[in-house]
Amino acid sequence: MPLAAEPDDALEEGDNQQLLLATKGGPALEGLVVGSYCHDVLIRGGRVVGETLGGAAAFVSNVLDAASPREEEQEAAPFVVVSKVGRDFAYASEPAPARRPPLLCASPTTSFHAQFSEAAASAHAPDRELRRVRACDPIYPADLPDRRFAYGLAVGVAGEVLPETLERMIRLCRAVLVDAQALIRAFDGDGAVCHVSLEDTPYARLLPRVAFLKASSEEAPYVGVETARRRCCVIVTEGRDGCRLCWDGGEARVAPFPAVQVDPTGAGDSFLAGFAAGLLWGLSATDAALLGNFFGAAAVSQVGVPTFHPKMLQAVKEILEDKTTKRSSPCINGTTFTLEKSNMHDELHTALQETVRLMSEQQQADPANGNGGDICST
Ligand SMILES: Nc1ncnc2c1ncn2[C@@H]1O[C@H](COP(=O)(O)OP(=O)(O)O)[C@@H](O)[C@H]1O
Ligand SMILES: O=P([O-])([O-])O[C@@H]1[C@@H](O)[C@H](O)[C@@H](O)[C@H](O)[C@@H]1O
C-alpha cells in the first residue's frame, strides 16, 4: 500500500497540526492543482471545428468545483490552482481561470491543435493526434504556495510540471495524484505529441511517493503498469469501456457510464478530478473511480470544458451524502489507502446511472441543451 508523502520539514510543525485539524471534521480538505490552462484548437478534415479553453487545470477545476465536498458557508471548493499563461490568454473570463487566475508570463499561452481522426474512435485507439503549437513557461517549485495541502493533482499537459516541481508537491501534499500525460509526453520537431518510457524519465524515482497514477490505455504501455503498480496504485482509463485499477496485490475493473461522445477532450482530466472528489467524499479508490467515470462520460458529451446541469449536480451530491461518510476516508487523511470496492459499489453505480438517464431525458426534452453531434468524427 502506498504511504502518504513524508512531511516537508521546512514547514513549521504547526502546519501539520492545521492539516490534521482540517481532517477532523474541520474545514474541507484543501487541494493543490498544478498544471497550465491552454488554448485548444479542434480540427477535423483539415477544418477548425472548435477553439476552446483547455489544459487539465481547466477540466480538473471544473469538476472539483462541481463535485468535491465543501462546507455550507464555502463559496467554492477549497483548492488552489498553480497555472501559467501568456498575455495572449483568451479565456481569462471563463469560470475556472476567473475563479483561480493563472500566473502571467512573458512567454505565450500553451496551445494544442487536436486533429481528430476520420475513423470512429475506439476505446483503445487514439481518437486524436495532438500537436503542441506553443508552450508557456514551466511551473517551478518556487511557484507553489509555501504551505501544506491534503492532496495534490499534478496535471501538466505540455511538460510544465518539472520533476523538481512534482517533488515539492509530494513534500507539501499528504497524497499526490498524477496524470501520466504530465510525465511521459515528448514533442517532436513539429510539436507532435509522442511518449517516452516513464522509466527513462527523472519522474520514475518519485513514483513510490505518489498515491495514484492515472494513464489512458494509449499511455499505459509507456508507464509500464506491471512495474508501476508495485510503487503506487495505477488507474488505466479505457474510454467508453470505463477504467481499471491495478495495485500491488490486487486490481479492479470499474464500469463506465453511457455517453453520446461529442468531444473526447478533457475526459481523462475530468476522470481524475471526479476520482479525487470521490476520495474526498470518503469513497475507496475503486468506488471513487465510479465518480471519475461519471465525470469522464459527462466531459465527452460536450465540446470543451463541460457545464453541468445544477439538477444533475444536486442529484450526485445527494447520492454521495447518502452513500458515504464524508471525509472519513483514509484515502486522504491516513497514511494508507482503501483500494478495494465496498459492498455499496454496485448501488452507487446504479444511482449514478439513474442520474445519467434523467439528464439525457432532460436534454432530449430540451434540444437547445442537446449535443451538437460528434464534431470529432465523421
Ligand atoms: N465515449 C465515452 N463514453 C463513456 N465514458 C467515456 C467515454 N470516453 C471517455 N469516457 C470516460 O472518461 C474516462 C477517461 O477517458 P479516456 O479517453 O480513457 O482518457 P484520456 O482522455 O486521458 O484519453 C474513461 O475511463 C471513461 O470513464
Ligand atoms: O483529453 P485529456 O487527455 O484528458 O486532456 C487534454 C490534454 O491531453 C490536451 O493536451 C489539452 O490540450 C486538453 O485541453 C486536455 O487537457
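Which backbone N or O atom lies 2.9 Å from an oxygen atom of ligand 1? Select Gly239, whose backbone supplies that atom, the pair being a polar contact (N or O atoms within 3.5 Å; within protein, one must be able to donate a hydrogen and the other to accept it, and residues adjacent in sequence count only if both atoms are side-chain atoms).

Before going further, note that this is a predicted model, in which local features need pLDDT of at least 70 and side-chain atom pairs count only at pLDDT 80 or more, while totals for chains, interfaces and linings use all residues. Residues are numbered from 1 along each chain as its sequence is written, chains are lettered from A and ligands numbered from 1 in the order in which they are written, and side-chain values use heavy atoms, with hydrogens and water left out.

**Ligand 1**

Taken alone, ligand 1 exposes 550 Å², of which the protein buries 90% (accessible areas come from the Shrake-Rupley method with a 1.4 Å probe; for residues, only the protein chains shown count as cover). Now display the 17 residues around this ligand (those with a heavy atom within 4 Å of it), to which α8 gives the most, with four residues (helices are DSSP runs of H or I with at least four residues, strands runs of E with at least two, numbered from the N terminus).

**Ligand 2**

Select Asp269, which has a polar side-chain atom 2.6 Å from a ligand oxygen, then Arg128, where a polar side-chain atom lies 3.0 Å from an oxygen of the ligand, and Gly55, which brings a backbone N or O atom to 2.7 Å from one. Of the 380 Å² that ligand 2 exposes when taken alone, the protein buries 96%.

**Ser36**

Ser36 sits in the loop between β1 (31–34) and β2, and is buried, with a relative accessible area of 1% (buried means under 20%, exposed over 50%, partly exposed in between). A polar atom of the Ser36 side chain lies 2.9 Å from the backbone nitrogen of Lys84. Among the residues that Ser36 touches are Gly54, Gly55 and Glu160 (contact means heavy atoms within 4.5 Å).

Note on methods. Buried < 20%, exposed > 50% of the residue type's maximum accessible area, 1.4 Å probe, protein only. Lists of a residue's contacts leave out its neighbours within four places in sequence.
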